[in-house]
Amino acid sequence: MGAPHVPNLIGREDERRTVGDLIGRLPATGGALVLRGDPGVGKSTLLAEAVRLATSSGFRVLRTTGVEAAAQVAFAGLEQLLRPLRDRVGALAPPERAAVNAALGQSDAAVPDLFLVALATLNLVADAAPVVVVVEDGHWLDRATADVLAFVARRLDFEPIVLVAAVRDGYPGPLDDVPMLTLSPLSDAAAAALLDARFPELPATARQRVLDEAAGNPLALVELPVGLDQLPVGPARLRVASGRRPMAATNWLRLSERLERAFGARTADLPPATLSLLLLAALNGSDSLSEVLAAGGSEVTVDDFAPAVAGGLIEVGDGRLRFRHPLVRSAIVQRATAGQRHRAHAALAQVLDGEIERRAWHRGASVVGPDEDIAAELDAAGARALRRGGVETAVLAFERAARLSAAPDRRADRLLRAADLAMDLGQRESVARLLSQAEAMDLSAAQRTLAAWIRDSFDDGIHDVVANVRRQAELAERIAADGDVDLAMKILYRAAIRCFFAEPGDEVREQLTATAERVSTDPADRRLLAILGHVAPIERGPAIYEHLAQAAERVDGDPTAARLVGNAAIAVGAFDVGLAMQTTAIAGLRTQGRLALLARATSIQAWCALQLMDLDVAITSAQEAVRLSAETAQPNIALLARSRESMIAAMRGEHDDAMRIATEVERDALPGGVRPALAMVQLTRGLSALGVGRYSDAFEHLRRVYDPLDPAYHHLNRCYFVGDVVEAAVRSGRYDEARRLLDEMEEIGRRTPSPALHINLRYARALMAAEEEPFLVALRADLVRWPFARARLLLAYGEFLRRQRRPAEARAHLRAAREAFDALGVIAWGDRARAELRASGETSRGRVAQASEMLTPQELQIAQMAADGLTNREIGQKLYLSHRTISTHLHRIYPKLGITSRGGLLDALHRTVM
């Protein structure tokens, strides 16, 4: 890319400094910046400045350019970006190497999850650092490339990589989440200075007209005078010294269209052969000079480009052809007739025999009416794009194939396939449009069923959960009757998730439960167990619990299967089984790069670990779930993960943080009625108050989870905190309310074998009793995997003994409770045990913190993995960070732990600090 024709940055000094400061971070660290604005406001000039600064500093520059004609080809932009690094692909870890080769079409393997491609890209670029990545016309990148670049941009805090991208206003996309610099029009003074610098002899009348029409747009200021006969001049025509004949007024045009006319005017005198080649280049999805020459025919040569080069429209060199500005490309295409464009597409298709997707797209653009041969080729290109991870490309291919389909049934099939994939992408308008087109046709029964499934699946259903769940249950039954049990179970599972996040009522729960049990007759079917766990965890608790072990045996390392079994386990309070299953699932999902499911699994792992009070696991899993759910656009999962963080903070005695996070979660969860998150907010507030002895406040918060009329009510989560709400009621003197709640939950306990529920019930009975035996019964239960529950029983038992004037007996239990609380890191409860010990007549030493508590959640996760013997690259592969970032984190971790190398990590993580 050469510098734009604007030779200065008049009026853009602040923006230039911003870009310079960003590149000035190299080689120590990097960052990302998106330049956004209307066409011609100076984005290309600032990109050129970034290239100049990088080159003068000796940094490597990697570039890619979005091309509208190539936006349908998955990873087209990534292939251009990584072309100079192809020789480094072999050094990647095998999963990453396979992923990037599949994405770039170097192998026929199906592309794994896009995030594995993104991690491979990050490591390739990081290994070539320091690097400046320049992205031109990012709004026209194919979606797969844009997603990869957004992934990379979010991980540059510790990388010697700078990414600078330019996008046009009005084109939302993945890069919107990257730090952005919006370029406004130049001030009047800066606009005048720029115009005078370029056209010092422009007549006063023409000068003012250009300033008025350009409205501060830098490119317009330097291009409109060049094609002044195209400039709208109002009623009075304008004649300038050039002798060009002015044209009639066209004041209604927007600026970008005026600029396209200005550029287009500069093609008017080009030879026909040059114009023909420029049209081929403008429609081609590559910057390959040889492809354009081949499509132009045997009579054209590279010399035919010379007039366009001389006119400043293109640059040619190193076998590449680049347009000086994207509006040049647009102007050339718009000035061509439809027939010329069709012929150009056909010519390009003929020279792209080896590139299935690009050839299919050009063939598709070369015709107007139905053509089943081309439709089939587009269909195959869509399937290939899907295998390479280009879901958005596949949607466009199937839709275009549908338009060219001669047979109505094939047209309907392709429309429905496109709609199904658009649903996965969250493209609501596309789904509605494609379904409307399909449903206007005479669909078969199977096609009508599929259309109904897509329409229902796209609706989140939270605000109309009863109607949606009923409809999905009926749809699943019809699909199962037609023989597709797998699809029916998918529909039922999605409906079950809706029930978990909302509250459909007992009647709807029973309908969905009965439907699931009719569709799947295997009682150990993991899908069935997961559905029942979300919909009827109490009503079907015995059946779920009975078949849990058998379902777990069938997992055989399959992460999807393990995740479903783990979900069923936590629904019946078997958090030890749930933790084991989610851990298995997470290992596989990391390898496969399925970050959306990984976000869900780590959130559930955090919940299981929190119930078992393994705070190290809970802290790291919750933090990762927050990060991944944001990255994969799953707001409800993000709310759940954040609510886990709030509860962790409460358990660690970080009450201000707990309240802040809980408030943020409640603010975001209330509008959508996300009940599990709202329940967790009240549980966090209640546990925080309970830990510091504010029992009345604790009860007011906790009781809301048990009130069916409260937004925080949750059918399942109320089972796991019975002991807490009863304790808060008893200690605040509300015995009648404590008895009512306990009786209600005792009735539920008679219907389900949930270990977590029964541990809570035994604790609550002991708190309500006036005698010692309930404490002894509760302590005789197997609580090896429930250390926090046992420590709370010991604390409560010690308090009971002290009140019975048996302080000597109480002290042993209080000491054991204190030591357990300290080891678990639940500071507030440890302080309560110390206060009870003092009241019993024994002085208690203060808690000694663990060295690991000095680390952030991500640092703790990295330190744990390094202590387990994983290399930096292996840790990076698991956490989807580059190995350089892992190295940077470790060098920050060592001084915090008082060590100098990874060899001391294992001991340091378990060492106490004063």
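Is Ser688 buried or exposed, and what is its relative accessible area?

Author: This is a predicted model, and what follows should be read as such. Ser688 has a relative accessible area of 3%. The cut-off for buried is under 20%, so Ser688 counts as buried. Its place is in helix α33, which covers residues 675-691. Leaving aside residues up to four places away in sequence, Ser688 touches Ala650, His655 and Met659.

The structure holds 11 aromatic pairs. One of them joins Trp607 and Tyr720, with 6.4 Å centre to centre and 55° between the planes, which makes the pair tilted. Trp607 belongs to helix α29 (residues 595-611), while Tyr720 sits in the loop between α34 (695-702) and α35 (722-731), so the pair ties together parts that are 113 residues apart in sequence. Trp607 is buried, at 4% relative accessibility, and Tyr720 is buried too, at 3%. Trp607 and Tyr720 also belong to a cluster linked by ring pairs, together with Phe575, Phe721 and Trp786. A ring can also have a charge over it: Arg155 lies over the face of Phe151, at 3.7 Å from the ring centre.

Burial can also be followed along a whole helix. In α42 (residues 857-867), 9 of the 11 residues are buried, so the helix is largely enclosed by the rest of the structure. The buried residues are Gln858, Glu859, Leu860, Gln861, Ile862, Ala863, Met865, Ala866 and Ala867. Their cover includes α28 (575-592) and α30 (615-631), as well as α43 (872-879), α44 (883-897) and α45 (905-909). Just after α42, Gly869 takes a positive phi of about 100°.

Helices α17 (residues 372-387) and α18 (residues 391-404) pack with their axes 8 Å apart and at an angle of about 165°. Angles over 145 degrees count as roughly antiparallel, and α17 and α18 are therefore roughly antiparallel to each other. The crossing of α17 past α18 is left-handed. On the α17 side, the residues that meet α18 include Glu372, Ile374, Ala375, Leu378 and Asp379. Among those they meet in α18 are Val391, Thr393, Ala394, Ala397 and Phe398.

Terms used
Residues numbered from 1 in each chain as written. Predicted model: local features only at pLDDT ≥ 70, side-chain atom pairs only at ≥ 80, totals over all residues. Heavy atoms only, no water. Buried < 20%, exposed > 50% of the residue type's maximum accessible area, 1.4 Å probe, protein only. Helix = DSSP H or I, 4+ residues; strand = E, 2+ residues; numbered from the N terminus. Contact = heavy atoms within 4.5 Å. Phe/Tyr/Trp six-rings, centres within 6.5 Å; stacked < 30°, edge-to-face > 60°. Lys NZ or Arg CZ within 6 Å of the ring centre and 35° of its normal. Axes fitted to C-alpha atoms, helices over the stretch in contact; angles between N-to-C directions. Parallel < 35°, antiparallel > 145°, perpendicular 65-115°, else oblique. Left-handed = near helix turned anticlockwise from the far one by under 90°.
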